[in-house]
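I opened this notebook to keep track of what I looked up. The entries follow the order in which I went through the topics.

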Amino acid sequence: MAAEVLSTGSGDRGSFDRFREAIAATHEPWDMPRPRAVQFRSRVRHRSLGVTEVIGCHTDACRGRRGRPELGRSEGERVGVLFVLSGQEHLEREGDKTTLTAGQLTLWSSARPLRFLVPDRLRKLTWMLPAGLVESPGGRGTDALTAIYDARQGPGAMIRAQLEELLIMPGALDAKGERAVLDGMLGLLDALRRSGAPAPRGLLARAEALVRRSLDDPGFCVEDAARALGVSRRHLDRVFATRGQSAVRFLWGERLERCRRDLLREPRAHVSEIAFRWGFSDAGHFSRAFRRAYGTTPTAWRRRHRS
């Protein structure tokens, strides 16, 4: 869909009410008391991107919180990727207090208590995603969404630029274009979150990159990767062993990750269709592998995250 303006106003008493309604519609329910200032200026723009949402917000000083009543009104867990473009926003998450300033971003979970305070005029972007698109098989789920990232360079800057473009771009993307944009942005988000860990180097880094580039070929295997890299299969396994896993386990873990994302992004697609797309030739094998990796069946995982 094309971007739309959900709230805009300045001065009249109802402008804050319209702003609060727009925030609840896009950012989950919030307890937001009316500011003391007589005049209140705000503008909220919104665009859907697959199962995610992009929201641009300009606002005067305000505050809000998500406590038990608000958490109870949310359907399923979502993660907000929050970019401050100008101004600042104070956040308090389960006792952890941080201040986000222009050029920074962070992630927050709709399943966790949260308070915010905007002390003055603020301009920000938020990308709302189902939590299932942020989780990963490496254990980096939504438990550690407290880091502050740089949005002025690297993956953070690239995501920010794409979000801004989506909000001003006329017209709507077709399904193929929407999927391509979402795939790219999810890859950037994953790269951003991995940026806090030491970067793998040498042959291991090249092998991982090759595997990820080749996943759309269902027949791609570890032997293909070894030949492309000019090493033996045994040597490639020794390289992956330095990180505590085999090359084949890394390959199938990446295939499972693509399946997990598509289960949520394509709610009408059959489970076996998604499994075959990413290299699983047997539905039973896929279901067993998915359960080992995520503790539940593909169908139950999709149902839980779609609520």
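**Entry 1: a strand pair.** I note at the start that this is a predicted model. I began with β4 and β9, which pair in the antiparallel sense over 5 bridges. I then looked up C62 and found that its bridge partner in β9 is V118.

Entry 2: Next I asked in what order the strands of the open sheet run. I found 4 strands in the order β4-β9-β6-β7, with antiparallel pairing. Which strands stand at the edges? I wrote down β4 (62-66) and β7 (96-101). Each has a single partner strand, so one side of each is left without a neighbour in the sheet.

Entry 3: I found 3 cavities of 30 Å³ or more in the structure. By class, I noted 13 nonpolar, 3 polar and 2 charged residues in the lining of the largest cavity.

**Entry 4: aromatic pairs.** How many aromatic pairs does the structure hold? I noted 11. I took up F16 and F19, whose ring centres are 6.3 Å apart. Their planes stand at 45°, so I recorded the pair as tilted. F16 and F19 are 3 residues apart in helix α1, which means they are separated by about one helical turn. Both F16 and F19 are buried.

I then followed F19 to F40, with which it forms another aromatic pair. This pair is tilted as well, at 5.3 Å centre to centre and 50° between the planes. It links distant parts of the chain, with F19 in helix α1 and F40 in the loop between α1 and β2 (41-49), 21 residues apart.

Are F19 and F40 buried or exposed? F19 has 2% relative accessibility and therefore counts as buried. F40 is buried too, with a relative accessible area of 4%.

**Entry 5: an aromatic cluster.** Last, I looked up a cluster of aromatic residues. I found that W252, F280, F286, F290, Y294 and W301 form one aromatic cluster.

Notes:
Residues numbered from 1 in each chain as written. Predicted model: local features only at pLDDT ≥ 70, side-chain atom pairs only at ≥ 80, totals over all residues. Heavy atoms only, no water. 1 Å grid on protein atoms, 1.4 Å probe; cavity = no way out; pocket = protein on both sides within 12 Å on 5 of 7 lines; lining within 4 Å. Points joined across faces, edges and corners; volume = space filled by probe spheres on them. Nonpolar A, V, L, I, M, F, W, Y, C, P; charged D, E, K, R; others polar. Pairing = 2+ DSSP bridges. Helix = DSSP H or I, 4+ residues; strand = E, 2+ residues; numbered from the N terminus. Phe/Tyr/Trp six-rings, centres within 6.5 Å; stacked < 30°, edge-to-face > 60°. Buried < 20%, exposed > 50% of the residue type's maximum accessible area, 1.4 Å probe, protein only.
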